[in-house]
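Have your viewer open and follow the steps.

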Amino acid sequence: MLTFNNRTALVTGAGRGIGKAIAETLAKQGVTVICVSKSAESCGAVAASINASGGKAKALAVDVANGTAVAEACENLLKEFPAIDILVNNAGITRDGLLFRMSETDWSDVITTNLTSCFHWTKHLARPMTRARWGRIVNMASVSGVMGNAGQANYSAAKAGMIGLTKTLAKEFASRNITVNAVAPGFIKTDMTTEFVNQPEIAAKVLEAVPLKRFGEAADIANMTAYLCSEEAGYITGQVFAVDGGMAM
Ligand code: NAP
């Protein structure tokens, strides 16, 4: 067990995949989890399941790409919760394509949803953390943001941007005892990667680049994220942790 002292966390993209696993892992450790997703159904189902198994969760449907909606959500949450100590910026989308075929909409949708959303959530939720002199922020980057990936100019740029944001905020917030780290997953089995995982020929090609020769599980990412959110990780900040079966080494 890690130490959490009854903290409260907000996890974006908690309706499915990696975010769902993070929400469930934190809830099992006694953390109250605010589960954010785009659709009310997905975050509602995750929060209901956590509450049914004895944990504490609240569902919140917010489009993270909408800065005004995020600001309103944060204002309401900060009235309801005495503190939101942990922020996991995990919501993300892909709109893949080679650069010459990539529309400006596909570029900006990915940048706004994956990167600009982190700016908005962090701006609103980090201020009370500074007053409390305690906070944990984890940004879900990607191996694509570390190494680049053909067909993902928008996504790689967003994820590399998250890494720069992580390192800068780690420096800005360190004096307030807030740590800011990034996790860079490789190929993890979720809805986002179904097309790679479920087609044997494509899966075999992808796994050529993975030294551990398997796709990751959402729990692999959740375990690292939970550690970075715990008391035990209090001396770690500004780092990027690859959880990728060895892809980016
Ligand atoms: P996923 O299964 O597709 O789930 C994405 C989650 O993000 C869903 O809950 C979705 O909400 C939410 N979301 C997307 N757009 C949103 C928006 N505009 N507003 C609010 N919520 C939104 O994805 P995943 O594989 O778990 O990925 C989670 C994170 O890990 C992403 O940032 C992704 O880039 C990163 N990552 C994943 C992999 C991988 O191999 N899977 C690898 C590297 C990095 P709904 O449930 O309402 O649709």
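**Exercise 1.** Which elements each supply at least two residues of the lining of the second largest pocket?

*Solution.* A note on the model comes before the steps. This is a predicted model, in which local features need pLDDT of at least 70 and side-chain atom pairs count only at pLDDT 80 or more, while totals for chains, interfaces and linings use all residues. Residues are numbered from 1 along each chain as its sequence is written, and side-chain values use heavy atoms, with hydrogens and water left out.

Step 1: On a 1 Å grid over the protein atoms alone, a pocket is an open set of points where a 1.4 Å probe fits, with protein on both sides within 12 Å along at least five of seven lines; lining residues have an atom within 4 Å of a point. Helices are DSSP runs (H or I, at least four residues), as are strands (E, at least two), numbered from the N terminus.

Step 2: list the lining. It consists of Phe-119, Thr-122, Lys-123, Ala-126, Arg-127, Thr-130, Leu-165, Leu-169 and Phe-173.

Step 3: assign the elements. The answer is α4 and α6, with α4 giving the most, six residues.

**Exercise 2.** What is the volume of the largest pocket, and which residues lie nearest its centre?

*Solution.* Step 1: the volume, meaning the space filled by probe spheres set on the grid points, is about 1200 Å³. For the second largest pocket, the value is about 170 Å³.

Step 1: 49 residues line the largest pocket, and Gly-92, Ile-93, Thr-94, Tyr-155 and Met-192 lie nearest its centre.

**Exercise 3.** Where does the ligand sit, and which residues come nearest to it?

*Solution.* Step 1: the ligand takes the space of the largest pocket (more than half of its atoms lie within 2 Å of the grid points).

Step 1: around the ligand are 30 residues, and Arg-16, Ser-39, Ser-42, Tyr-155 and Thr-190 come nearest (a residue counts if one of its heavy atoms lies within 4 Å).

Step 2: look at the oxygen atoms of the ligand. One is 2.5 Å from a polar side-chain atom of Tyr-155. A side-chain N or O atom of Ser-42 lies 2.7 Å from a ligand oxygen, and a backbone N or O atom of Gly-13 is 3.5 Å from one.

Step 3: the protein covers 93% of the 900 Å² of accessible area that the ligand has on its own (Shrake-Rupley method, 1.4 Å probe).

Key
A polar contact is a pair of N or O atoms within 3.5 Å; within protein, one must be able to donate a hydrogen and the other to accept it, and residues adjacent in sequence count only if both atoms are side-chain atoms.
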